Amino acid sequence: MKMEEARRRDIYFSFFMFTADLRPNDAGYTQVLVKHLTALTEIGYTGFDVHIAPGPAHVGHHAEVESYISLKRAFDGAGFRDVKFTTNVGTTRTFDPTSSYEEQRKQALSYLKSRVDITSVLGGENTIMSGPFLYPYGIFPLTDDGEGIWSDALQDWMKPRYAAAASIFRELAQYSAEKRVKLAIEPVKNWETPGPTMVSEALDFLESADIPVCGVTIDTAQVVMESQGPAIFRKNVARAAKQSRLNYVHISAPDRGAVRDSWIPWEIMLDEIEPVYSGPYLVEVFNAIAPFESSMRMTRRRFWRPGEDAPEADVDSAYDVARAALRTLEEQIASHRR
């Protein structure tokens, strides 16, 4: 009975296993995506999270949105009209909502609104746009002499950046609410971004900027690597839930690989999350593919992707890893409810 209840939870799968770019104008690649969707829904996943890659500089946001409308039509035509989609979005050096320059912040707002539009196109109402979209992903500040800015100096450098982004995020949150898209800022670890790197930092920003309709993502891998302990985790979950800001939960192993038999502190995580969260769980596995193999310095083997990579003996396929992760999460949810 408990396992039956667990199987009724919405559990999504991240397409970071296959790609960081859906290539919406590439009809041939759309068919590859459809084959993956078919296999993963047969495994039991009820939805999917897809990364929305920044488009070429010469392509306007309107054209980008139109390309995803065409992609969604292709998905619908392949039988996935009722399948749920959420998106992963990051800001860039060009589209920086924390910039000290007003014109650049306005460009960032236009970019982020277009990502809300794409999320709405793919996911419909009450879907979720998550990711590191407060501060540009992977961009670390330098002094005029080219030296890195770290520690206390970095914390001081970030304060006016967060303050500059406040009005942008108030307008973005209002826009996304009208589109019925939930925003979920995802803190990521400190070697990926200077901030926010902790759930408490994202909550601090939203509270200080007075943005009530924007939330956060809690990612099990990021929480473990934050290295703040269970007491802080409990406090952060309670704080986010009390303010209705816990909008998404990602289940990811600390090395971002296979979830089965990984160092996820299931009991501590689910003890806090399950009583206050009824949204979807996202199983997120970063495969050893471009651009992750270099950006995340992958040393483990690739999970070969059926239809894209040659099968390898004694190496799990992407579908094997996805299937095992789903079963593991269902077992953990069922076990927690006993």
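Student: How does the lining of the second largest pocket divide by class into nonpolar, polar and charged residues?

Tutor: Keep in mind that this is a predicted model. The second largest pocket has a volume of about 380 Å³. Its lining holds 28 residues, with N126, I128, K182, G279 and P280 nearest the centre. By class, that lining has 11 nonpolar, 9 polar and 8 charged residues.

Student: Which element gives the most to the lining of the second largest pocket?

Tutor: Start with the elements that give two or more residues: β3 (84–88), α4 (102–123), β4 (127–131), α8 (230–242) and β7 (246–251). With 3 residues, the element that gives the most is β3.

Student: Which residues lie closest to the centre of the largest pocket?

Tutor: That pocket holds about 590 Å³ of space. Its lining divides into 16 nonpolar, 8 polar and 6 charged residues. Of the 30 lining residues, the closest to the centre are Y137, E192, F286, F292 and S295.

Student: Is R256 buried or exposed?

Tutor: R256 sits in the loop between β7 and α9 (266–273). Buried means under 20% relative accessible area. R256 has 2% relative accessibility, so R256 counts as buried.

Student: With which side chain does the side chain of R256 make a polar contact?

Tutor: Set aside the neighbours within four places in sequence, and R256 is in contact with residues including K189, E192, D219, E284 and F286. The polar contact in question spans 2.9 Å. The partner is the side chain of S252.

Key:
Residues are numbered from 1 along each chain as its sequence is written. This is a predicted model: local features need pLDDT of at least 70, side-chain atom pairs count only at pLDDT 80 or more; totals for chains, interfaces and linings use all residues. Side-chain values use heavy atoms; hydrogens and water are left out. On a 1 Å grid over the protein atoms alone, a cavity is a set of points where a 1.4 Å probe fits but cannot get out, and a pocket is an open set with protein on both sides within 12 Å along at least five of seven lines; lining residues have an atom within 4 Å of a point. Grid points are joined across faces, edges and corners, and a volume is the space filled by probe spheres set on the points. Ala, Val, Leu, Ile, Met, Phe, Trp, Tyr, Cys and Pro count as nonpolar, Asp, Glu, Lys and Arg as charged, and the others, Gly among them, as polar. Helices (H or I, at least four residues) and strands (E, at least two) are DSSP runs, numbered from the N terminus. Buried means under 20% relative accessible area, exposed over 50%, partly exposed in between (1.4 Å probe, protein chains only). A polar contact is a pair of N or O atoms within 3.5 Å; within protein, one must be able to donate a hydrogen and the other to accept it, and residues adjacent in sequence count only if both atoms are side-chain atoms. Contact means heavy atoms within 4.5 Å.
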